[in-house]
Amino acid sequence: MNQHVGTGLVPDRTPFSQEVHLADYFNIVRKRKWTVIATFFAIVCIVTVWSFFTIPVYKATTKIMIESQSSFINKIADATYVDPKDEAYYQTQYRLLMSRSLAKKVIEDLDLWKNFRSDLDKNPDASPSPEAEIHPRMVNWYLSNLQIAPIRTTKLVDISFLSPSPEMSARMANAHAHAFIARSTELQHKVSEQALEWLKKQVRGQKTMVGTSQRSVYEYKFEQLGSFSVDDEGVFSIPEIKENPVIKDLRGKLAELKARKSEMVTKYGPKHPKMIEINSSIQKLEQGITDEVQAIRKVIKAELDKIIAFEKRVRQTQGHQTEDTDPSTQKAITYDMVRLEAESDQEIYDVLLKHAKEIGLTGSMEKNNIRIVDEAELPLFPVKPRIFMNILLSVIIGAVFGTGLAFFLEYMDRKIRTSEDVLRRLGMPVIGVMPYDKCLKTNNILSLAQDDSYLKQGRRKGGYAQYYGYDLSNSLIAKLPFTQSSLSGQSFMVESAIAGEGKTTVLAKMALSLSQRGFRVIMVDADLQQPSLHDMFGFNNGKGSGLLNGMNSILSREIREGTLDTWSIDDLFCLIALKKQSGRLVVRCDDQTITAVFEHGRLLHLQNRDNSFANRLGTMLLRGGFITEDQLNDALERNQRTGLPLGYILINSGYINRNQLQGPLKLQKEEYLQKLFSWKHGAFTFEPGGVETYEDKRIYFEDDCTPVIDRLGRMSGSRFIEGEMLSYVKPVNGSNLSILPAGEGKGNLSHPACFALMSKFLTLLKQRFDVVLVDAPPVLDGGNSATPLLSLVDGVIFVIKAGQVSVDLINKTVETIKESKANIVGAVLNQARIEKSYY
C-alpha cells in the first residue's frame, strides 16, 4: 500500500560531507562550554589552593670554578689520566659533586643525622654515632634536594640546595662546596704522596742501576788494562788513559822514535849502534807508558772496590743479589756501549731526582684547582611555589585542556545531539526540532486536554506550548511532503530506534498542529505492546475502544447471508480473502445473479447466469477473429447437447489454444467484477466448501485479480468494515482531529490476516482523512513488530531524542527501514537543547 514510495518526497540518503571551517570548532566549544568552564575552574582552583597551602621551598646557590690542572704528578700517578681540557674531566667532577660519599661527609659535618633519630628512639641502647645514624634514605633526601648546574661555555658550576628554611639552604650549599674543595685537596695530597713514594722507589732503583752501570765500566777498564799492550789502540780510548798528560807525552815521543826508526831501517842494519840505541829508547818509553797505565789501573781498582762494597750494602738492604755477568758476553762489550748505558742511567736518575724534589715541595703546599667564586647568600623569596606563575600556567593549561577535552568528548560522542549531527552523520534531512521541555522530565507522558485549554495554559505559564506548541510545529509542518505538493490522504508512520525517544509526543504535537491548520487528521496507535497515545488525550484503552477490538470484531464475523445495504462487495471480498475461505458467493441484484468462486480466499471464476456465458464468450472470440461463425455454432450446439464448457469444447475441437482463450476470459472476468461492484443493493449468500476443478473440462487461469478488486473496492467503498472501524475512532478537540486507540485483546499486526486488515484500515482512513499518523513500536525494541507496517505507509518520520541514541543504532534502524522499502521523509530531533529566540 506504499503508493507514494519513490515519488520524490525525499532524496536518497547519502553520506553528508562538508568542509570544516573555523566556525565549526567554535560551535563545538560553545556546545560543550560547561565542560570547558568546569575543567578550567577545576584546574585553576586546584593549582591555586595547592600554591597557597604548600610549604614554601627556598633555594641558595654557591658558585665554584673548576680550573684545569696539568702536572707531572697526575701523569705519573694514574695510568688512566684524563686531560683536564677534555669534557670527560668536567663530567667526572660533576658526578663527584653528586656522589653519595660527599653527601655523607656533609651530613656528618653539619650533624644532620641528629634530625633522623627514629632508630635511636626505637633502640635506646644504640650508639648515636654518625655512621650508625646515616641511613640511605637520609642520603637520598639530601641528593634529591641538591642541584648541580654547570654554566655552559664556562668553568663555573652552581651548587644549589632546596630547603623549607632559607638559612638551611644557604648553609647546606656552602658546606657542600667547602666539602668538595676539601675532599679535592685531600685527594690531591694523597696523589702527591703516592707519586712521591713511587718516585723515591724509582730513584732508589735507578741509583742501583747507575751503580751497576758504573761498576761495569770500571770492570771493563780494569780487565782491559790488565792485558795492556802498547800496540792495542782500544785501551787508549779509555778516558783515564786518553786524557792522561804523561801518557800523551810518552806516546808522542814513542811515535817520534818509531818514525825515526822506520827511517833508519833503510840506512842501518839491526846491530848498528844507532839502531840499538833507538830500540832501547823505544823500550824505555813503552815501559813508562805501561807503568803509567798500571798506576791508573790501580786507581780504577780502588774505585771498583768502592762500588762493589756499595752494592753489597744495597743488596743487603733490598734482600736480593745481583746476577753475575757472563764473562764471554762481557768481553764482547765495547767501551762505548757500556759508557752510553751508564750515561743514560745517570740522566734518568737526575730527572727522577729533580721531580722527586718538586713533588716533595708541591705536595706540602695548599694549592687546589677548585675555588669558590660566590658563596651562597640567604634567599629572600621562595623558589617554589611560584604562585603567580602557577596560576598563570593553570589558566593556560585549564583553557587548553578544557578545550581539548571538549574536542575529545565531541570526537568520542557517538550520540546525536543537534540537527547538524543528523545532517552530517546520518545524511538525513531534518524536518523539525523540538526543544527541551522540563515538563517531560517530571512526567513521562505529557497529558493534553481534549479542548484548547492546553494552549491557553501554555501561553499563560510559558510552558510547552512555547516550544512544542503551534508556532514551532508550523515550521515542521511546512517541510512535510503533502504541504509541498498540495496532496492529501497520506499516511505517515512516526518511528524511533528505541523506546523513550518521544515519538508519541512528537506525533501528538504534529497532529494538533495539523488539525489547527485545517487538515483532517487521525492518529492510529499501532503500538500494541505499550500504547500511550490515548493517555495524552485522556481516553481509556479498555475493551471495545480500539484498533485491536475492531480487528477482532471484523475477523470474528461469519459470512453466510445478508443484504448489500449492510455489506458492500468490497467487504465480502475482503473478509473472504482475510479468512482464506473457499466456496461460492452468490449475489443477486434485481433479476441478475453473479456467482464468484473462491479457493483459499483467491477469486477463481465469475459466472453470470442471466447472461449466457457461452454466448458472451463466443461473441468475444468471434469478434476477435479467433474463430469463425460456423465453428462458434458447432461449439454452441455441442455445449447445449453435452453441457461441457464452451472453452473446453473449442480447445478440444482444435479451434483455439489456451493462450487465445486467456485474454477473453480475463476481459470477461473484469467486466463481471465491474458490474458486481456497481451493485449498491441486493442480497448475497455464501456457501463455504471445497471447489472442485476439472482440468479436463473447465479451464482456469491463475490470473491475479487483486489490483482490480482493490481499485474497484476503493471506488465503491466499504460499509461494514469502514463502519466497524469508525465506531472505534474518537474525535479530539473538534472535528478535525481524531484518534484510534490501540485497544485491548489478542492480536499481532505481523500476522497475515491482521496485516492485511491493517492495510485495509489505512486505505479506508486515507479516503476519509487528509493525514493518517501511525504510532508504531520502536524498530529495535519492538521485536520486529513494526517492520511489516513500514510498507503500508507513504513515509516514515524518524524521531531522534537528542543525546540518547548513538549513530550506530540509528544507522541500524535506518537500514531496517530501507530493507522494508519504506521512504524516510526526514528526522525530528526531540528534546534538543537550543537557544531561545523570539521566533
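Author: With a relative accessibility of 8%, Glu410 counts as buried, where buried means under 20% relative accessible area, exposed means over 50% and partly exposed lies in between, with a 1.4 Å probe and protein chains only. The model is a predicted one, in which local features need pLDDT of at least 70 and side-chain atom pairs count only at pLDDT 80 or more, whereas totals for chains, interfaces and linings use all residues. Residues are numbered from 1 along each chain as its sequence is written, and side-chain values rest on heavy atoms, with hydrogens and water left out.

Glu410 forms a salt bridge with Arg32, in which the closest N and O atoms are 3.0 Å apart; the term stands for a side-chain nitrogen of Lys or Arg within 4 Å of a carboxyl oxygen of Asp or Glu. Because Glu410 lies in helix α15 and Arg32 in the loop between α1 and α2 (33–53), the pair ties together parts that are 378 residues apart in sequence. Helices here are DSSP runs of H or I with at least four residues, strands are runs of E with at least two, and both are numbered from the N terminus. Arg32, with a relative accessible area of 11%, is buried.

Glu410 also forms a salt bridge with Lys31, the closest N and O atoms being 3.4 Å apart. This pair again links distant parts of the chain, since Glu410 is in helix α15 and Lys31 in helix α1, 379 residues apart. Lys31 counts as partly exposed, its relative accessibility being 30%.

A further pair is Arg417 with Asp413, whose closest N and O atoms are 2.4 Å apart. Asp413 is buried, at a relative accessible area of 10%, while Arg417 is partly exposed, at 31%. Through salt bridges that share partners, Lys31, Arg32, Glu410, Asp413, Arg417 and Asp421 are joined into one network. By the same rule, the count of salt bridges comes to 22.

Helix α1 (residues 22–31) and α15 pack at an angle of about 95°, with their axes 9 Å apart; the axes are lines fitted to C-alpha atoms, for helices over the stretch in contact, and the angles run from 0 to 180 degrees between N-to-C directions. α1 and α15 are therefore roughly perpendicular to each other, on a scale where angles under 35 degrees count as roughly parallel, over 145 as roughly antiparallel, 65 to 115 as roughly perpendicular and the rest as oblique. Tyr25, Ile28, Val29 and Lys31 of α1 make the contact with Thr403, Ala406, Phe407 and Glu410 of α15, contact meaning heavy atoms within 4.5 Å.

Helix α15 spans residues 387–412 and includes Leu393, which counts as partly exposed at 39% relative accessibility. Leu393 contributes to a nonpolar surface patch of about 840 Å², made together with Phe388, Met389, Leu392, Val395, Ile396, Ile397, Val400 and Phe401. Patches are built from residues with over 30% relative accessible area and no salt bridge, like charges being joined within 9 Å and nonpolar side chains (Val, Leu, Ile, Met, Phe, Trp, Tyr) within 5 Å. Accessible areas come from the Shrake-Rupley method with a 1.4 Å probe, and for residues only the protein chains shown count as cover.

Pro385 is found in the loop between β4 (370–374) and α15, and the peptide bond that joins Lys384 to Pro385 is cis, with omega at about 0°.

As for the whole, the protein has 33 helices and 17 strands, and 42% of its 839 residues count as buried. Among contacts between residues at least 6 apart in sequence, 78% join residues at least 24 apart. The accessible surface of the protein comes to about 45,600 Å², and 53% of that surface belongs to carbon and sulfur atoms.
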